[in-house]
Amino acid sequence: MATTMETLQNFIGGRWEEPVGEDAVAVVNPATEKAFAHFRASCADDVDRAVAVAGAAQSAWAALTVARRVERIHAWADTIAAHAEELAELECREMGKPVGIGLSFIAGAVAGLKAAADQALTYPFSETVTGPGPAGERTDIVRHPLGVTAVITPWNFPVVMVLGALGPLLAAGNTVVVKPSERSPVSTVRLFELAASAGLPPGVLNLVLGDGRTGAALTEHEEVRLVHFTGSVGAGRAVGSATGGRLSRSVLELGGKDPAVIDDGVDPVATAQAVAFGAFINTGQICTSMERIYVHERIADGFVEALAAAAGTFTIGDGLDPATVLGPLVDARQRDTVRRHVEDAVHKGATVRAGGVVPERPGYFYPATVLTGVDDTMLVMTEETFGPVAPVTVVSSFEEGLTRAAASRYGLAATVYTDDPDHIAAAAQLPVGVVWVNQWQGGGPERLYEPARDSGMGATGARAAYDAATRPAAVHIAATAPAAGR
Ligand code: TXE
């Protein structure tokens, strides 16, 4: 194994190889600000080779039975599960996620990979939809794999984002080129080492390291028939334009500015603790983190007091320390974005009820922060902060909360806390992909959704991922071949 955890390499056709690209990239531990790994960003030639190798391996992979492909994916999943601790530690060092939190998300991702792959066993890759009728005619629908696909992932959940995209793509018979974020490639490199040892055939799963330019080369490649992208809206638009222009597909999971709407009548303290988790876990770096909080005026005082108290329990530190609940932000740029949003809000009249000050210590840390007195002129209410900040708005009714929640250019997810069935029905109409009621997260492999507005495009979950990973063809068969005299 040529690659090491210090000098990272591409994995193409089952072999580790140095990218041809020249630009050196360092991987920095955000808790210490020290580089601990490096690689060279892959250039277009590296991408060409990876796509060509994936193309050469695709027909043999698609020729395996579905059961055989699913079996190989399970073997990889089991190997990942056996190395979860190591992967969680690598994620912690490359992007700051506390190991305990990483472990729970990796466990979920392994279970999700297996569940997604298992759906291939019942997915109708070939089905007869009409006939044979009285005339003996028949129509079959055959769902073909697309060929070579690409997965481009962000830094907030390196392992989860790779595993979340790969199951249906691989199980449907496609081969894949993966490009992880340049900020957090190390755990993904380890995933590929484990894939090799789990017996995935060479060329089925390939890894190219690089930044947005490498991602763009992959997205623009003529032979890449689908790009599964998770990241910012700006980059997502570029991916969608490049694939659309080539008449290829993309599935885009982009940013969010997710609201939480808290109704009168719910317990303010218990709800505040739930909201603290939804706003601060993973240091607020989750696409579905709660970024706007709307609370009914009747319970607002108790709620805000409890939320500020909960924020104080999010202990800052290096994620390798079991006592840490709030790790650093991924880099200085992200920490400065969060600081800028809070300073802008305070400048425009917001009040800091918890946190709000960058701690004097090495590392890109920012405390769990609660703001009140916010309004829609503030960056913290309109742009994705992607950090541990909970801006609270007091509303006079649940309906006002829903109206404010819907007024955003994003539409990823929303969470409401209410026991009123009419309010639950009203919340289900929000222009978002996912609505959670009285719990944040959850929904299982049958959860089918598509982000709305700037938060993305392309449905995922349930069978949608297989529909995206295959191309249906209708085969209509007449009863008999033409005969003389007929
Ligand atoms: O995203 P980018 P970043 C949001 C969040 C964050 C912001 C920037 O607000 O502050 O995005 O984060 C690759 N063609 N989210 O910089 O730049 C890039 O190399 C093809 C929300 O991480 O979008 C990386 O692998 N690929 C999101 C991946 O895209 C391109 C999670 C994401 O990088 C590319 C992460 C291009 N033109 C950030 N430009 C979520 N929804 O969870 C970049 N890349």
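**Entry 1: terms and ground rules**

I began with a word I kept needing: a residue is buried when its relative accessible area is under 20%, exposed when over 50%, and partly exposed in between, using a 1.4 Å probe and protein chains only. This is a predicted model, so I noted that local features need pLDDT of at least 70 and side-chain atom pairs pLDDT 80 or more, while totals for chains, interfaces and linings use all residues. Residues are numbered from 1 along each chain as its sequence is written, and side-chain values use heavy atoms, with hydrogens and water left out.

**Entry 2: aromatic rings**

I looked up F314 and found it buried, with a relative accessible area of 12%. F280 is buried too, at 0% relative accessibility. I then turned to ring pairs. A pair of aromatic rings is described by the distance of the centres and the angle of the planes. Rings of Phe, Tyr and Trp (its six-membered ring) pair if their centres lie within 6.5 Å; planes under 30 degrees apart are stacked, over 60 edge-to-face, and the rest tilted. The structure holds 9 such aromatic pairs. In one of them, the ring centres of F280 and F314 are 5.3 Å apart and the planes stand at 75 degrees, so I filed this pair as edge-to-face. It links distant parts of the chain, 34 residues apart: F280 belongs to helix 9 (residues 268-280), and F314 to the loop between helix 10 (300-311) and helix 11 (332-347). Helices here are DSSP runs (H or I, at least four residues), strands likewise (E, at least two), both numbered from the N terminus. I also found F11, W16 and F192 together in one aromatic cluster.

**Entry 3: charges over rings**

Next I checked for a charge over a ring (NZ of Lys or CZ of Arg within 6 Å of the ring centre and within 35 degrees of the ring normal). K97 has its charged end over the ring of F157, 4.1 Å from the centre. R361 does likewise with F365, at 4.2 Å.

**Entry 4: salt bridges**

Side chains of opposite charge can pair when their charged atoms come close. I counted a salt bridge when a side-chain nitrogen of Lys or Arg is within 4 Å of a carboxyl oxygen of Asp or Glu, and the structure holds 22. One of them joins D331 and R183 (2.6 Å, N to O). D331 lies in the loop between helix 10 and helix 11, and R183 in the loop between strand 8 (175-179) and helix 6 (186-197), so this bridge ties together parts that are 148 residues apart in sequence. D331 is buried at 15% relative accessibility, whereas R183 is partly exposed at 22%. Another bridge joins K179 and E182 (3.6 Å, N to O); K179 is buried at 2%. I also noted that R15, E17, D46 and R49 are linked in a network of salt bridges.

**Entry 5: H221**

Where does H221 sit? I found H221 in the loop between helix 7 (212-219) and strand 10 (224-230). H221 is buried, at 15% relative accessible area. Its side chain makes a polar contact with that of D48 (3.2 Å). A polar contact is a pair of N or O atoms within 3.5 Å; within protein, one must be able to donate a hydrogen and the other to accept it, and residues adjacent in sequence count only if both atoms are side-chain atoms.
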